[in-house]
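Visitor: Could you take me on a close look at a single part, with the cut-offs spelled out as we go?

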Amino acid sequence: HIYALGIERSIAAGKRRRYTMAGGVCVESCSDGPRAICRLLQAILAGLILFIGITCQFWAGMNVNDVPLSKLCDAYSGSPEAMTTTDFNELANWYENSIGCSGYRQCFNFDRASSYFMRSSGLDASRSDLMHYADAQFYCKRAPNQVSKTAGKESETCLSKMQSGATELYPCRLWPDQKTSPSDNGNWYLAGVKGERGPVYHINCYDKQEVYKSFLESVYSGVKLSTGEEWTKQDIKVAADQFLQSCVVDKGSDGYMLIIGPLVALLGAIIVTMTMFKAFSAPPWPDLGMNMLIISIILLFIGFWTIASATSEEVLNKYTYCGSNTAPLVFLGRWYDHTPCIDLTTDGKSEWHPFVSMILYFDSVYVAGGVMSFIASLMYLGLCSGFTETMMNDRMGKYLVTLQDIPMKVRLPFPPKPANGF
C-alpha cells in the first residue's frame, strides 16, 4: 500500500508538472533557462502580432473618415475632378443672367447658394455652418453621366427640374454648359441619406476645404457688401480655415474611439514586457499591465461598434448587390426600389462602386487588425497569469484547498470484486 501510494503521488506530481508546463511554465520566472526562453518567445510573438494589428487599426481608423474627394466624384460623375473657382463663377453668372439679377453677386450670394446645396443633401437649409455635409454636386466638377442627352433636353438643369415640380432632381446639371466626364463612362449613384451626415462625412476635410475656398472666392471676391466692406484674401483664408476646423472636430469623436483601443493595448503590452525584468516584476506593474490589456479588449469591441455604425449603417446598408439582374429589377444602376447598386454602373457595366469599396476596405482592415490585437492581448495576459497565480496562492491560500491537501487514495463505499469473480 505504501508503495502504491508513492506511485500514485508520483503520477499526480507528474500530471501537475505537465499541467504547469502547458499553462504556466512560461510565466513564472526568468531564473531558469527553459522558462525564460519560452516566456521570451511568447513575448516576441505577441509583440509582432500586436504591432501588425495596431498598425492596421491606426491606418484604417485614421483613413476611414479621410477618403479622397476624387473617389466620391468618380462615383458621382465618372470623373475625379473637383469644383474650382472658375466652375462656381460659371454657375453664378448663368444663374444671375437667367433670373435677370440687377447686380453682380446680388442673387448668387452665400446664403442662397448654401441653402440650395444644403437642401439637396437633406439637411436643414438654414444650417450654412454645416456646409461640410453639402451634396456631392457642390464638390464635384462634372455632371453625372446619365444626365439627359436627348435632343432638346441637353440644357435641362437642376433649377429647371425644381421649377417644373419634378419629384426627383438627380441626375441634373447645375448649369447648362456643365460638362460630363470626358471619358463618357458610366458612374454610380450615391445613396441618399436625408437628414444624416451621409457619404460626404467620410471625405477628407482638406479636400473639402479647397472646394469651399473656391466657393467663397466666387461669392465674395470683388463684391462690396451692404456695409461697404469687401472680403480680402485673408478673410477668405480665415473662413476656409474655420470650415476645416469644424469638419475635423466633427470627426474627432469617431477617430478617438477608433484609435484609443490600440493605444491602450500598446501601453499594456509594454508594461507586461517590462515585468519580465526583475526591476518591474513586483507590484503594481504586473496587475497594471493586465488591467490595461483587459481595458483595451473592451475598447476594441467599442471600436468595432463605432466603425460598423460609421460604415455599415451609414454607407453599406444603403446599397444593394444587383449582380447579373436586368430590367425590370435593375435599371440604370439602381434596384427597382431606387436603391443604388454597389456593383453596377449607370450604363450597366459590372464594376464595384469606388467610394463604397474603399469604405469597405478600411472597415475590413480595421476588423482584421482588431482580431490580431485581441489575440496578442490574450498572449500578453498569459505572461501575467503566473504572477496572478502566485498572488492568489499567497493571499487566498489559507482559504483554499491545494492539490497536495487532497487525499490521493479514496476509499470506495463498496468493496471491489475479486479478480477470480468470487
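Which residues form a nonpolar patch on the surface?

Guide: Happy to show you. This is a predicted model, so local features need pLDDT of at least 70 and side-chain atom pairs count only at pLDDT 80 or more, while totals for chains, interfaces and linings use all residues. Residues are numbered from 1 along each chain as its sequence is written, and side-chain values use heavy atoms, with hydrogens and water left out.

The patch is formed by Ile 37, Leu 40, Leu 41 and Ile 44, which together have about 400 Å² of accessible area. Such areas come from the Shrake-Rupley method with a 1.4 Å probe.

Ile 37 is found in helix 2, residues 33-63; helices are DSSP runs (H or I) of at least four residues, numbered from the N terminus. Ile 37 has a relative accessible area of 52%, so it is exposed (exposed is over 50%, buried under 20%, partly exposed in between).

Helix 2 also holds Trp 59, which is partly exposed at 38%. Aromatic rings of Phe, Tyr and Trp (its six-membered ring) pair if their centres lie within 6.5 Å; planes under 30 degrees apart are stacked, over 60 edge-to-face, the rest tilted. The count comes to 21 aromatic pairs. Among them, Trp 59 and Tyr 361 have ring centres 5.8 Å apart and planes at 80°, so this pair is edge-to-face. The pair links distant parts of the chain, since Tyr 361 lies in helix 11 (residues 354-396), 302 residues apart from Trp 59.

Conventions:
Patch = residues over 30% accessible without salt bridge, like charges linked within 9 Å, V, L, I, M, F, W, Y side chains within 5 Å. Salt bridge = Lys/Arg side-chain N within 4 Å of Asp/Glu carboxyl O. Helix = DSSP H or I, 4+ residues; strand = E, 2+ residues; numbered from the N terminus. Buried < 20%, exposed > 50% of the residue type's maximum accessible area, 1.4 Å probe, protein only.
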